[in-house]
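The exercises below are intended for a reader who meets this structure for the first time.

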Amino acid sequence: MAKDPKFTAGEIAKMAWLTARMAKRGIASQTVYQGDLERKFERIVEGAREREAQHAADLAEAEKAARKARAKNLKTK
């Protein structure tokens, strides 16, 4: 299983709400369909993973640009 990403406060609140709704449905009956809520939950997790991956890519790109700028400044001195 993939490592869970860091979640924003809004994502945590949405997941808590969905978990509560799933629990309520589970109390009603063990055979109640919960796939729609599970998909919403997974969509939130996937969105957080994508956001974290984009953030890591942005940091790597910024670091590369900073190294390039430092190298250019050293050449001009």
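The model is predicted, so local features need pLDDT of at least 70 and side-chain atom pairs count only at pLDDT 80 or more, while totals for chains, interfaces and linings use all residues. Residues are numbered from 1 along each chain as its sequence is written, and side-chain values use heavy atoms, with hydrogens and water left out.

**Exercise 1. The overall form**

Step 1. Helices (H or I, at least four residues) and strands (E, at least two) are DSSP runs, numbered from the N terminus.

Step 2. The C-alpha trace spans about 75 × 20 × 15 Å along its principal axes.

Step 3. Buried means under 20% relative accessible area, exposed over 50%, and partly exposed in between (1.4 Å probe, protein chains only). Of the 77 residues of the protein chain, 14% count as buried.

**Exercise 2. Helix α2**

State what span helix α2 reaches, which of its residues are buried, and what the cover of these residues includes.

Step 1. Helix α2 covers residues 35-76, which is 42 residues. The expected span of a helix is 1.5 Å times one less than its number of residues.

Step 2. From its first C-alpha to its last, α2 reaches 61 Å, close to the 62 Å expected.

Step 3. The buried residues of α2 are G35, L37, I44, V45 and A48. Their cover includes α1 (9-28).

**Exercise 3. The nonpolar core**

Identify which residues form the largest nonpolar core.

Step 1. A nonpolar core is a set of buried Ala, Val, Leu, Ile, Met, Phe, Trp, Tyr and Cys residues joined through side-chain atoms within 4.5 Å. In soluble globular proteins, nonpolar side chains tend to be buried together.

Step 2. The largest such core here has six residues: M15, L18, M22, L37, I44 and V45. At least two residues of this core come from each of α1 and α2.

Step 3. Contact means heavy atoms within 4.5 Å. When its neighbours within four places in sequence are left aside, L18 is in contact with L37, K40, F41 and I44.

**Exercise 4. The pair E11 and R51**

Explain what kind of link joins the side chains of E11 and R51, and which parts the pair ties together.

Step 1. A salt bridge is a side-chain nitrogen of Lys or Arg within 4 Å of a carboxyl oxygen of Asp or Glu. The side chains of E11 and R51 meet in a salt bridge at 2.6 Å, N to O.

Step 2. E11 lies in helix α1 and R51 in helix α2, so the pair ties together parts that are 40 residues apart in sequence.

Step 3. E11 is buried at 14% relative accessibility, whereas R51 is partly exposed at 34%.

Step 4. Not counting residues up to four places away in sequence, E11 touches K6, I44, A48 and R51. With neighbours within four places left aside, R51 is in contact with K6, F7, T8 and E11. R51 and P5 are 46 residues apart in sequence and 9.0 Å apart in space, C-alpha to C-alpha.

**Exercise 5. Further salt bridges**

Find how many salt bridges the rule counts, and which residues are linked in a network.

Step 1. The count comes to five salt bridges.

Step 2. R49 and E46 meet through their side chains in a salt bridge at 2.7 Å, N to O. Being three residues apart in helix α2, R49 and E46 are separated by about one helical turn. R49 is partly exposed at 22% relative accessible area, and E46 is partly exposed at 35%.

Step 3. D4, E46 and R49 are linked in a network of salt bridges.

Step 4. E63 and R70 also meet in a salt bridge, at 3.6 Å, N to O. E63 counts as partly exposed at 39% relative accessibility, and R70 is partly exposed at 46%.
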